Amino acid sequence: ICPACAMSRSAPSCTAARAYARAAVQEGAERLIAQAGQIIQLGASTTVRILSPQGDTSNWDNNASSIVLQIIYGDTEIMLTGDAPQGIEEYLVRRYGETLESEILKLGHHGSDTSSSESFLQVVNSKYVVVSAGVDNRYGHPKPQVLLRAGAAGAQTVSTAEQGSILFKSDGKRVWLE
């Protein structure tokens with residue numbers, strides 16, 4: 001779904017967003033607008049914590065209005081950052097500090113140098129970072145300096161461009177790559 005359509009409070013304008021909206025209506029799904037501070041209980045031991053965005057994002061840059069969330073399963077965490085830029089990451093570090101620590105981090109913006117700041121990577125302190133990018137994409141993602149920052153923070157990098165689908169498993173105490 002394109003970010004502009006996903007953020008729209010009106011009818012979506014792109015084909016994928018329209019199809020998604022139709023399917024949600026047919027399914028009877030409740031539409032939630034993600035806002036920082038929301039906690040969604042998915043089961044007895046799994047929650048989703050929305051970290052960003054905060055407030056009305058209608059005038060924000062699409063990337064800055066990306067949903068940033070942390071999935072918590074038992075004692076393990078996964079951080080998903082969308083295309084959030086470094087400015088949002090720095091805000092998250094100031095606001096949430098050590099609670100951002102997550103075993104898995106999906107690198108922001110496909111490994112673009114607009115995301116994955118050194119301080120964010122240090123605080124999140126992931127065992128694994130995931131790059132979601134296509135092979136030989138026209139943007140050159142992931143950027144080498146981002147991979148260097150992730151490595152310096154002690155994370156093992158895995159990439160969809162190199163491995164295709166990536167599967168992690170967890171028992172709620174630890175996480176491992178399959």
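A: Val-25 is exposed, because its relative accessible area is 67%; exposed means over 50%, buried under 20%, and partly exposed in between (1.4 Å probe, protein chains only). Val-25 sits in helix H2, residues 15-27. Helices (H or I, at least four residues) and strands (E, at least two) are DSSP runs, numbered from the N terminus. From the C-alpha of Val-25 to that of Thr-76 is 33 Å. Those two residues are 51 places apart along the chain.

A word on the model. It is predicted: local features need pLDDT of at least 70, side-chain atom pairs count only at pLDDT 80 or more, and totals for chains, interfaces and linings use all residues.

Now the interior. Of the 178 residues, 37% count as buried. The largest nonpolar core holds 24 residues. Such a core is a set of buried Ala, Val, Leu, Ile, Met, Phe, Trp, Tyr and Cys residues joined through side-chain atoms within 4.5 Å. Leu-51, Met-79, Leu-92, Leu-100, Leu-105, Leu-107 and Phe-120 have the most contacts inside this core. Helix H3 (86-96), helix H4 (118-124), strand S6 (128-131) and helix H5 (144-152) each supply at least two of its residues. There is also a second, separate core of six residues. Ile-104, Val-158, Phe-168 and Val-175 are among them.

Phe-120 belongs to helix H4. Its relative accessible area is 1%, so Phe-120 is buried. Contact here means heavy atoms within 4.5 Å. Leaving out residues up to four places away in sequence, Phe-120 touches Met-79, Thr-81, Glu-89, Glu-90, Leu-92, Val-93, Leu-100 and Leu-105. Pro-144 is 24 residues from Phe-120 in sequence. Their C-alpha atoms are 17 Å apart.

With neighbours within four places set aside, Leu-107 is in contact with Thr-81, Gly-82, Ser-116, Leu-121, Val-129, Val-130, Val-131 and Val-146.

One of those partners, Ser-116, deserves a stop. Ser-116 lies in the loop between strand S5 (104-106) and H4. Ser-116 counts as buried because its relative accessible area is 1%. Its phi is near 60°, a positive value in a residue other than glycine. Most residues other than glycine have a negative phi, and most peptide bonds are trans.

Asn-125 also has a positive phi, of about 55°, and is not a glycine. Its place is the loop between H4 and S6. Asn-125 is at 39% relative accessibility, so it counts as partly exposed.

The peptide bond between Ser-52 and Pro-53 is cis, with omega about 15°. Pro-53 is in the loop between S2 and S3.

Next, the strands on either side of that loop. Strand S2 covers residues 46-52 and includes Thr-46. Thr-46 is at 19% relative accessibility and therefore counts as buried. Apart from residues up to four places away, Thr-46 touches Ile-40, Gln-41, Ile-71, Ile-72 and Tyr-73. Tyr-73 is in strand S3, residues 68-73. At 30% relative accessibility, Tyr-73 is counted as partly exposed. Besides Thr-46, the contacts of Tyr-73 include Ser-45, Ser-170, Asp-171 and Gly-172, again without residues up to four places away.

Finally, the whole chain. The protein has six helices and nine strands. Its radius of gyration is 16 Å, close to the 16 Å from the globule rule for 178 residues, so the protein is as compact as a globular protein of that length. That radius is taken over C-alpha atoms, and the rule is 2.2 Å times the number of residues to the power 0.38. Along the principal axes, the C-alpha atoms fill a box of roughly 45 × 40 × 35 Å. Among contacts between residues at least 6 apart in sequence, 56% join residues at least 24 apart.

Notes
Residues are numbered from 1 along each chain as its sequence is written. Side-chain values use heavy atoms; hydrogens and water are left out.
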